[in-house]
Amino acid sequence: MHKDHNNSSSAPSTPRIRHRRRSNEIPHELNKLNGTHLLINDHDKYKSMWIRAHSSLWMLGGFLFILYLGHLYIWAAVVVIQIFMARELFNLLRRAHEDRRLPGFRLLNWHFFFTAVLFVYGRIISQRLVNTVTSDKFFYRLVSGIVKYQMVICYFLYIAGFMWFILTLKKKMYKYQFGQYAWTHMILIIVFIQSAFTVANIFEGIFWFLLPASLIAINDVAAYFFGFFFGKTPLIKLSPKKTWEGFIGASVTTVISAFVLANLLGHFQWLTCPRKDLSTGWLQCDPGPLFKPVNYSLPGCISDWFPWKEISVLPVQWHALWLGLFASIIAPFGGFFASGFKRAFKIKDFGDSIPGHGGFTDRMDCQMIMAVFAYIYHQSFVFPQDYTVEKVLDQILGSLTLEEQKVLYMKLGKIFQERQLKPR
């Protein structure tokens, strides 16, 4: 026995390695359940609901304030959200040990990010920027030059980053560096595809940004509450707390909300008017046929039970029903995709920026799909495709400088005079 004691004391002791779990990592017991941990059975659900509701109210208040300020401030908010999303995704595959051996490597990622910002938004706001500074010749020429050479500037900025990456390659770090390079480009594709369509919707009219975004929020809240009180049937294993009761209840709520909300928003001109410049004033315009009420007579079997013989409906409300169907049936798959992505990396959330919600990326997963659909639907079924003389002239004049526009007007004036003097 003494011998055994000596052997045990003389054996080299191996220190126990403690792995610190990140705040957004999936707990082992929750990962083990994988689909059976329903919200209705969660003992801490009231505490989490309070935290979630409190942060939702703060987000709603900030969102309404930015919405009140107008198009440019909404666009600025989209850029800020993009920065947070990029930071969360950049950090997902970061390794502190490798980063210490590569000083300045993280700065390279942000170089590519802001190059993408200049490229994507330069294409969207170029004409609106020219329309804003037409009163000043100097700024008009400066802005026209920037717009004209914008693609060249972005290309050389990207090439500079590419050369920077090649020059920073280190031996035994190639795999990590090329992995980060590819990951950076995938992040830019994911983030900027969604945001480019979002900004395009904003300038087509805040209505086409606000309605789709609101429907996603309504669907998310309705799914949470229906699942909270009635959820018993698991929907998909990728999202263990999602239930069929929450999915169906949220779908019905979202479609009804789409029809009602479109009517409420459609009565505000500053929401429905497209923004053709970068000024900050409120807009006034002809609302167009989509936002002018149309009276529909109710069938006799319905009018006998109600005092109304007809109802007033905005034509845009019928379009809103399709947006509501997409937001309730298709868009949630963006959330399922994000859930599978997080499970692949064994994390609970992409970040912890928003208490009770996770990170900004967790809130924008369904918005990405919805923004693209809203833009495609608007351009395909709402935006008038007929080309008038005014629209053709706007396209022509938009690509000319101030001097070239003067020359064009003079030539058109001469042609008009010759036609007038020509004997008939």
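## Salt bridges

Asp-286 and Lys-292 form a salt bridge in this predicted model. Their closest N and O atoms are 3.5 Å apart. Asp-286 is exposed, at 58% relative accessible area. Lys-292 is partly exposed, at 39%. The count of salt bridges comes to 3.

Another bridge joins Asp-362 to Lys-342, with the closest N and O atoms 2.8 Å apart. Asp-362 sits in helix α16 and Lys-342 in helix α15 (residues 332–344), so this pair ties together parts 20 residues apart in sequence. Both Asp-362 and Lys-342 are buried. Arg-363 bridges to Asp-220, and here the closest N and O atoms lie 2.9 Å apart. This pair links distant parts of the chain, 143 residues apart. Arg-363 belongs to helix α16 (residues 360–382), Asp-220 to helix α10 (residues 206–230). Arg-363 is partly exposed, with 23% relative accessibility. Asp-220 is also partly exposed, with a relative accessible area of 27%.

## Nonpolar surface patch

A nonpolar patch lies on the surface. Its members are Leu-118, Ile-146, Tyr-149, Val-152, Ile-153, Tyr-155, Phe-156 and Leu-157. Together they have about 740 Å² of accessible area.

Which helix gives the patch its largest share? Helix α8 (residues 150–167) does, with 5 residues. Ile-146 is found in helix α7 (residues 137–148). Its relative accessibility is 43%, so Ile-146 counts as partly exposed. Phe-156 has a relative accessible area of 52% and is exposed.

## Aromatic pairs

How many aromatic pairs does the structure hold? The count is 36. One of them, formed by Tyr-155 and Phe-156, is edge-to-face. The ring centres of Tyr-155 and Phe-156 are 5.5 Å apart, with 75 degrees between the planes. Tyr-155 and Phe-156 are also members of the nonpolar patch.

Phe-225 and Phe-229 give another geometry. Their ring centres are 6.4 Å apart and their planes stand at 15 degrees, so the pair is stacked. The cut-off for stacked is under 30 degrees between planes. Phe-225 and Phe-229 are 4 residues apart in helix α10, which means a separation of about one helical turn. Phe-225 is partly exposed, at 35% relative accessible area. Phe-229 is partly exposed too, at 45%. Helix α10 (residues 206–230) also carries Asp-220, the salt-bridge partner of Arg-363.

Ring pairs also build a cluster. It links Trp-75, Phe-90, Trp-110, Phe-113, Phe-114, Tyr-121 and Phe-192.

## Positive phi in two loops

Most residues other than glycine have a negative phi. Lys-172 has a positive phi of about 70 degrees, although it is not a glycine. Where is Lys-172 placed? Lys-172 is in the loop between α8 and α9 (174–204). Is Lys-172 buried or exposed? Its relative accessibility is 75%, so Lys-172 counts as exposed. Helix α8, on one side of this loop, is the helix that supplies 5 residues to the nonpolar patch.

Lys-346 also has a positive phi, of about 55 degrees, and is not a glycine. Lys-346 lies in the loop between α15 and α16. At 52% relative accessibility, Lys-346 counts as exposed. The helices α15 and α16 also hold Lys-342 and Asp-362, respectively.

## Confidence

The protein averages a pLDDT of 81. At least 70 is reached by 79% of the residues. Where does pLDDT stay under 50? One such stretch is residues 1–21. For residues 1–21 the model has 2 contacts beyond four places in sequence. Residues 28–36 are also below 50. Beyond near neighbours in sequence, residues 28–36 have 8 contacts in the model.

Notes. Residues numbered from 1 in each chain as written. Predicted model: local features only at pLDDT ≥ 70, side-chain atom pairs only at ≥ 80, totals over all residues. Heavy atoms only, no water. pLDDT = per-residue confidence, 0-100. Contact = heavy atoms within 4.5 Å. Patch = residues over 30% accessible without salt bridge, like charges linked within 9 Å, V, L, I, M, F, W, Y side chains within 5 Å. Areas by Shrake-Rupley, 256 points an atom, 1.4 Å probe, with all protein chains shown as cover. Salt bridge = Lys/Arg side-chain N within 4 Å of Asp/Glu carboxyl O. Buried < 20%, exposed > 50% of the residue type's maximum accessible area, 1.4 Å probe, protein only. Phe/Tyr/Trp six-rings, centres within 6.5 Å; stacked < 30°, edge-to-face > 60°.
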